[in-house]
Amino acid sequence: MAEPEVVDVVVVGLGVGGEEVAGRLAEAGLTVVGVERDLVGGECPYWGCIPSKMMIRAANAIAEARRIDGLAGAAEVRPDWAPVAKRIREEATDTWDDTVAVERFTGKGGRFVRGSARLDGPGRVRVGERVFQARHGIVLGTGTKPSVPPVDGLADTPYWTNRQAIEVEELPESLLVLGGGAIGLELAQVFARFGVRVTVVEAADRVLAVEEPEASEVAAAALRADGVQIHTGVRAERVGHDGRGFTLRGAGGARFTAERLLVVTGRRAHLDELGLDTVGVDAGQRYLVVDDRLHVTEGIWAVGDVTGEGAFTHVAMYQAGIVVADVLDHVARADGGPDASGTARVTGGAVGASGAAGADGSAGAVPRADYRALPRVTFTDPEVGAVGLTERQARERGINVQVGLSELPSSARGWIHKSGNEGFVKLVADADRGVLVGATSVGPAGGEVLSGLAVAVHAAVPLGRLRQMIYAYPTFHRAIEDALRNLR
Ligand SMILES: Cc1cc2nc3c(=O)[nH]c(=O)nc-3n(C[C@H](O)[C@H](O)[C@H](O)COP(=O)(O)OP(=O)(O)OC[C@H]3O[C@@H](n4cnc5c(N)ncnc54)[C@H](O)[C@@H]3O)c2cc1C
């Protein structure tokens, strides 16, 4: 067996979260080995957020051009996928090559190892024949993979996941999208706007089932207006492929056909590959259970999607900040320095250098993860932004709920905007505490309007203060003021 190489920290998986942790710890002067088996940067830059938002930007430009009729004359639109595919290939992904990202990490002082890593007992990580002994800790940022449902016949067909959908150079004539969540709806609308005949099949009784029902309605209506067929309450039972196209059969005799099938029914962590049993952690869990400083067990932290705390890049980045601060705190304590775990404060040394701030914003303390004001945006047109609890979640928690809703088309800005003005602001308040615990903003700028609502939930701004604020006229976010007035 190879002699272990002793280093300070090993980071397994250099996706959004792992790369951030590894790079910042290397910059802080630790010897950091970062292991990645695929592309440094992970799903977000190559097959997720960035290329999908480039596609959406292009599709929205088409939709806006089509809105010229009736607002500003006439426009003839001839969609062409070639510039979109080129932009994804050349600007976003370097044709799925991570040389720049590897150099970004090694430029910070990190040691890069390409390969699949697994734990090999306390403090040890194995990558093929190489074994690393981590003096201070191991960080797992191994993300998720598409979760493909066990539908009869599906595994034997050439179905797409998000990866093939993002890499596509020539659009199919028709597309079945299995899954009406955020990713499914975003991609369905994009392809429909480029002329693909799109059908969405969703098992739940509405699309975007985790968000407010009103958001599901607006999103479904918007996609239907783009020509997307939406079938909810349909559980897929069998999939076949005859060499030219797909047939999907659902419970109750439903039958759909298309040239391509995109499966976007969620994502799943693959813990069984990580050797967790060698450190006494249960590999049978759905996600790695972490505490509020992202600890899995002694000497092991996790970051990003693998924690199951919200599969978003902003969650991975947020958690990365906490992991960096906590690892550096451990290093400082191991070196006989002061404790920054939250009971005592340090203002200098490694922790200070990390730039970490406490939950109260003070420098030095290791912050604790707090997901009460977790924001999320589905980048359909209109965008669906949401933060904190939905009305139903708040009621299930026994909160004395008040709800306020205002419709965008009847706001000054929505009326001016006219075509494409669908949306609303919905507020969920805790009447006893007099604060917002959740909010949804749907509209042309729903994701941007969300920011003020996220501040309100995050900082528990009293409703009275929110009502006394001045809201610029005529912005979309003035709908917040109307919704506050409607709280009851
Ligand atoms: C189509 C799509 C659109 C999205 N859009 C958005 C969006 O608009 N906004 C948003 O916030 N989020 C979005 N997301 C989610 C976002 O991409 C993820 O939340 C983010 O990538 C999570 O980062 P991560 O570091 O946890 O994991 P990942 O990015 O999945 O990275 C994990 C890395 O670990 C590597 N790895 C795994 N196991 C091992 C091992 N044993 N050894 C070595 N390496 C390993 C993998 O190869 C991978 O590179 C989108 C996702 C998809 C699929």
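Q: Which side chain meets that of R193 in a salt bridge?
A: This is a predicted model, in which local features need pLDDT of at least 70 and side-chain atom pairs count only at pLDDT 80 or more, while totals for chains, interfaces and linings use all residues. Residues are numbered from 1 along each chain as its sequence is written, and side-chain values use heavy atoms, with hydrogens and water left out. A salt bridge here is a side-chain nitrogen of Lys or Arg within 4 Å of a carboxyl oxygen of Asp or Glu. At 3.0 Å from N to O, the side chain that R193 meets in this way is that of D381.

Q: How many residues apart are R193 and D381?
A: R193 lies in helix α7 (residues 182-193), where a helix is a DSSP run of H or I of at least four residues and a strand a run of E of at least two, numbered from the N terminus. D381 lies in the loop between β18 (375-378) and β19 (383-388), and the pair links distant parts of the chain, 188 residues apart.

Q: Is D381 buried or exposed?
A: Buried means under 20% relative accessible area, exposed over 50%, and partly exposed in between, with a 1.4 Å probe and protein chains only. Because its relative accessibility is 10%, D381 counts as buried.

Q: Which residues are linked with R193 and D381 in a network of salt bridges?
A: Side chains of opposite charge can pair when their charged atoms come close. In this model, R193 and D381 belong to a network of salt bridges whose other members are E64, R67 and D226.

Q: What separates R478 and E481 in helix α15?
A: The side chains of R478 and E481 meet in a salt bridge of 3.6 Å, N to O. An α-helix has 3.6 residues a turn, so residues three or four places apart point the same way. Because R478 and E481 are three residues apart in helix α15, the separation is about one helical turn.

Q: Why is the disulfide of C44 and C49 called left-handed?
A: A disulfide is a covalent bond between the sulfur atoms of two cysteines, and the cut-off used for the sulfur pair is within 2.5 Å. The sulfur atoms of C44 and C49 are 2.3 Å apart. The disulfide is left-handed because the torsion about the S-S bond of C44 and C49 is about -135°.

Q: Which residues does D8 touch, not counting residues up to four places away in sequence?
A: D8 lies in strand β1 (residues 5-12), and because its relative accessibility is 8%, D8 counts as buried. Taking contact to mean heavy atoms within 4.5 Å, D8 touches L30, T31, A134, R135, H136 and G137.
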